[in-house]
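Please read its numbered points beside the sequence and the model.

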Amino acid sequence: MLLHGLSGTSRPLNTEIRSVWACCIFRRFGFESRSWSLVNCQVMASSREVEESNLHEKSSNNISYDERYSTSESNSDGTAGDEETLLDSHSDEASSNSEPSTTIDPFLPFDDLPDEDRNILTLRAIAIGLLCGGLVNASNIYLGLKSGWTAGANIFGSIVGFAVLKSCSKYFNGVPILGGAFGPRENNIAQTVATAAGGLSNVFVSAMPALYQLNLMRTPLQDFWRITILTALGAYFGLFFATPLRGFFVIHAARELQLVFPSSYATATTIRSMHLAVDGAHLAKKKMRALSLGFAFATTCRVVSQFAIGVLWDWHPFTWLYLVTGSKAFLGLESWSWFIEWSPAFIGSGMLVGMNVSLSFVSGSLLAWGIIGPILVHRGIAFGRPATNDYEWDGYISYSSLAPEFTSPDHPSPRYWLLWPGIACMIAVSFTELACQWRVFLLSGKVLWRGMSRAWARLVESRRYEVISSDKYDLDDEDEGTAMRVADPAPRNEQVETWMWLPGLIAVLFITCIVMKVEFNMPVFEVLLALFLAFFFSFLAIQATGATDITPLTAASKASQVILGATTSGPGWTLLQAQRLNLIGGALSSIGANQSADLTGDFRVGFLLRTSPKLQWFAQSIGTLVAVFLAPSIFVLFSTAYPCILEPSPQSCPFGAPSVSAWRAVAVAVTSPDFTLPATSKWFSIFFAVFGASMVLVRHCLWTGNWEWMRKYHPNMMIISLAFLLPSTHYGTAMTIGASIAWAWHSQSPRTFATFGSAVAAGFMAGEGIGGVVNAALTILGVDFDKIGTAFLCPAGSC
């Protein structure tokens, strides 16, 4: 992601927010991995340069993100000095390459924001934050079940919070609760609540449905309190665990490890931009209006389209050609799900992420479902089944079955065959991305060891050492020439006290052991192992997120499943018990790691804006409490309205649920003693995993220096792998349509695109998600869209 300086005439508020939206909303690509490419963000931001003025700044900053603190450079520069100063070298390089100016240090809090000498943890900020977080949470479960990824609420909460609360402070001045002054730190509180309330959805689009598909639990409605308690335990473990990490990752070691937390820095910069801009309120209103219109349009389309889905939502050109010509060849093409879906959410996502990700998705779909799949069927390696018993549609085949007769080594469906190469490549890519950050992990270990050694020396030898305190951090004596002291802007009375998080963490550990044993018959050892994995992967997730903006939850969750599977492979474990513990333990680890990374990123935003950590912690706690009940409730709503979500191989279902398939497949693979893969799928999985990892290494190691421009054309292997798990091609098509609209719009009118593009896209995404919630509620209330509406122009009368 490229964060441009806030100059008075170039890339001000509009472009800043535009580039930030693309990065912060789509860090969650591909399952729950959130593997949004930093390079793609950089390309997007650099291509949206718009001349605008009226930005009031107290300090100028004209160097680019790459020049200031490029993490990609640090990963590939083999000529740097020793490990202690390797990452710092880029700051010096930025200084030498930039024009003389006063630059903003990304590791120091902003010093040009107005003071707010009043309580910022207000009811209005909490209410707006909960509203934004609730919308994003509902949208995430809908989109996650559709395609396997979720979106963040940080920028959504920032902009909506600014637009609404700024208006309240203006029009309700003097009115209790609603009125009063409004500043960037209260804006930060609204964003923090939104981020926390919008979280915890990842487990309900992955592990939780997999439990029901394997018949390991009853029904979501019957198990509501069980899954709510499980969610709460993982969420508050992450909250309490992340609290003390603020000092290390945000204050003490951030500069040395170059933990910029790009999306968090982007969020803070966006809030700062809006509050410092002379016309910030006016621009925010325009964006809010565009967002609202996009939201209303997408919600209406999603609901109304149910009455004529083959006309208003899904276009099946090969079905049309078959109806006109009668040629069975067109049915063969329709069988591979090549059609267009006018999904506002995925069109909006394409507008945000650009051509690279969109074309990677389409390329993955073409490779899997246009080339490999047909070859497998032609050669008799994979098999399909009739999609309908209607004689008129003879030749219309379903290739996406995961029924038992199509998941055997000798008789797989194309979907089952392609599932394993997709999973293998995603895991390989995720771990390779982690390995490419080895310098960060090495330096982190050295910094942590150095701090522990100093503390131990002081306790044992009673000598005077320079110790890491809560207020400053100094490097070793040999680094005194380049040492820079980072002060915590929050005074002692605004810090989160130890008594606020430590008893809670201990209580969560004890309660988790008891609840897991009583409710899920999970041995204490397994519970402690799952919590240790959550602890370990939280460290990795926070460091990777801080350095690259990639939270490797795919690697964390799959590694947790493999490790837990190894502990349940011996005698004394039934297959159902082993699978249940595998999925629940993996879910617990994933929730903890995801929550820790999110909330540490929130602390980073507060650090930059000089927000009280204690008030942020309270805001996080409130948002998390709401999310603990909201996410399971929305999941129950969708699973009740669409029972096919809980079926391993439904005849038809509007939700592809690729993350669910991956979690279920790994759980079965690591727990079943007689599990075997189709031989051809196994060997291709190995090849595809090696190829994916090699492509990551090429991007990190080869496309550097004079060749760095190649990165914007480099395919995104995580997205290509994701296409192997989705037996539909319309998501990539819709995203490409959105990316094309964005390109054309920007080419014709850069100014209006910079002002409205991201807001319209975000409205599309949130609106369709809420429309999906409305449809689910109407279905539960007895509205039968099949009887009321029409399936005109749908293949075999079903879309």
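1. Contact here means heavy atoms within 4.5 Å. The model is a predicted one, in which local features need pLDDT of at least 70 and side-chain atom pairs count only at pLDDT 80 or more, while totals for chains, interfaces and linings use all residues. Residues are numbered from 1 along each chain as its sequence is written, and side-chain values use heavy atoms, with hydrogens and water left out.

2. Q595 lies in helix α24, residues 575–609; helices are DSSP runs of H or I with at least four residues, numbered from the N terminus. Leaving aside residues up to four places away in sequence, Q595 touches L200, A235, G238, L239 and T624. With a relative accessible area of 2%, Q595 is buried (under 20% relative accessible area, with a 1.4 Å probe and protein chains only).

3. Helix α8 covers residues 184–197 and has 14 residues. From its first C-alpha to its last, α8 reaches 20 Å, close to the 20 Å expected at 1.5 Å a residue; the expected span is 1.5 Å times one less than the number of residues. Because 14 of the 14 residues of α8 are buried, this helix is largely enclosed by the rest of the structure.

4. A194 is found in α8 and counts as buried because its relative accessibility is 0%. Residues up to four places away in sequence apart, A194 touches G129, C132, G133, A153 and G157.

5. The axes of α6 (residues 123–147) and α7 (residues 154–171) come within 10 Å and cross at roughly 145 degrees. Such axes are lines fitted to C-alpha atoms over the stretch in contact, with angles running from 0 to 180 degrees between N-to-C directions. On the α6 side, R124, A125, I128, C132, L135 and V136 meet F156, G157, V160, G161, V164, L165, C168 and S169 of α7. The residues of this contact divide into 10 nonpolar, three polar and one charged (Ala, Val, Leu, Ile, Met, Phe, Trp, Tyr, Cys and Pro count as nonpolar, Asp, Glu, Lys and Arg as charged, and the others, Gly among them, as polar).

6. Which residues touch the most other members of the largest nonpolar core? They are F204, M208, F361, M516, L583, F638 and Y642, in a core of 101 residues; a nonpolar core is a set of buried Ala, Val, Leu, Ile, Met, Phe, Trp, Tyr and Cys residues joined through side-chain atoms within 4.5 Å.

Definitions and conventions: Helices (H or I, at least four residues) and strands (E, at least two) are DSSP runs, numbered from the N terminus. Buried means under 20% relative accessible area, exposed over 50%, partly exposed in between (1.4 Å probe, protein chains only).
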